[in-house]
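Look at the structure below before reading on. The text goes from the core to the strands, then to the rings and the loops.

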Amino acid sequence: QVQLVESGGGLVQAGGSLRLSCAASGRSFSSYAMGWFRQVPGKEREFVAAISWSGGNTYYADSVKGRFTISRNNAKNTVSLQMNSLKPEDTAVYYCAANKLIATQLGREYDYWGQGTQVTVSS
């Protein structure tokens, strides 16, 4: 079992930056691939980024590639999402998730989810 808690969301102007963090507790965090997803009320959940158990492989949605960076610190049981050059369309609730197998963009493959943190980008 893995429990995930996101933090770091807030209000930022377009072009600004935020760093989201996900604190994990439970068994074998380092053996899980991790992902970030986002969702706007009334819309479907959207893949943002994922990272393998070792951190050696990362994946990004085209909409955020070059602006966002996912990283993990297995010793501290944390995964982060550095978000730069934020745009109003980045506004959403951001969720971290854990996958028992591999990093993937498919939300249905993730086993554990946090409660989310709100990111609002003003124009």
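**The core and its surroundings**

The largest nonpolar core has 36 residues, and those with the most contacts inside it are Leu4, Met34, Trp36, Leu81, Met83 and Tyr94. Two or more residues of this core come from each of the elements β1 (2–7), β3 (18–26), β4 (33–39), β5 (46–51), β7 (68–73), β8 (78–83), β9 (92–99) and β11 (117–122). The model is a predicted one. As general background, nonpolar side chains in soluble globular proteins tend to be buried together.

Leu81 shows what such a position looks like in detail. Leaving out residues up to four places away in sequence, Leu81 touches Leu18, Arg19, Leu20, Trp36, Val48, Ala49, Phe68, Thr69, Ile70 and Tyr94. One of these, Leu20, stands opposite Leu81 in β8. The strands β3 and β8 run antiparallel and are joined by 6 bridges. β3 also pairs with β1, again in the antiparallel sense, over 6 bridges. Within that pairing, Leu4 has Ala24 in β3 as its bridge partner.

Next comes β4. Of its 7 residues, 6 are buried, so β4 is largely enclosed by the rest of the structure. Which strands does β4 pair with? With β9, β4 pairs in the antiparallel sense over 7 bridges. With β5, β4 is joined by 5 bridges, and these two strands run antiparallel as well.

On the β9 side, the bridge partner of Ala33 is Asn99. Asn99 is in strand β9. Is Asn99 buried or exposed? Its relative accessibility is 2%, and since buried means under 20%, Asn99 counts as buried. The side chain of Asn99 reaches the backbone nitrogen of Leu101 at 2.7 Å. Not counting residues up to four places away in sequence, Asn99 touches Tyr32, Ala33, Thr104, Glu109, Tyr110 and Asp111.

**Aromatic rings**

The structure holds 5 aromatic pairs. One is formed by Phe37 and Phe47, which are edge-to-face, with 5.6 Å centre to centre and 70 degrees between the planes. Phe37 is in strand β4 and Phe47 in strand β5, 10 residues apart, and the pair links distant parts of the chain. Phe37 and Phe47 are both buried.

Phe37 also forms an aromatic pair with Tyr110: edge-to-face, 5.1 Å centre to centre, with 80 degrees between the planes. Why does this pair tie together parts that are 73 residues apart in sequence? Phe37 lies in strand β4, whereas Tyr110 lies in the loop between β9 and β10 (112–113), so the pair bridges that stretch of sequence. Tyr110 is buried, as is Phe37.

Phe37 has another neighbour, Arg45, which lies over the face of Phe37 at 5.8 Å from the ring centre.

**Residues in the loops**

Phe29 is found in the loop between β3 and β4. With a relative accessible area of 4%, Phe29 is buried. Setting aside residues up to four places away in sequence, Phe29 touches Ala24, Met34, Arg72, Asn73, Asn74, Asn77 and Thr78. The C-alpha atoms of Phe29 and Ala103 are separated by 14 Å, and these residues are 74 residues apart along the chain.

One of the residues that Phe29 touches, Asn77, is found in the loop between β7 and β8. Asn77 is partly exposed, with a relative accessible area of 26%. Its phi is near 55 degrees, a positive value in a residue other than glycine. Most residues other than glycine have a negative phi.

Which loop holds Ser85? Ser85 is found in the loop between β8 and β9. Ser85 has a positive phi of about 50 degrees, although it is not a glycine. Ser85 is partly exposed, with a relative accessible area of 41%.

Conventions: Residues numbered from 1 in each chain as written. Heavy atoms only, no water. Core = buried A, V, L, I, M, F, W, Y, C linked by side-chain atoms within 4.5 Å. Buried < 20%, exposed > 50% of the residue type's maximum accessible area, 1.4 Å probe, protein only. Helix = DSSP H or I, 4+ residues; strand = E, 2+ residues; numbered from the N terminus. Contact = heavy atoms within 4.5 Å. Phe/Tyr/Trp six-rings, centres within 6.5 Å; stacked < 30°, edge-to-face > 60°. Lys NZ or Arg CZ within 6 Å of the ring centre and 35° of its normal. Polar contact = N/O pair within 3.5 Å; in protein donor to acceptor, adjacent residues only side chain to side chain. Pairing = 2+ DSSP bridges.
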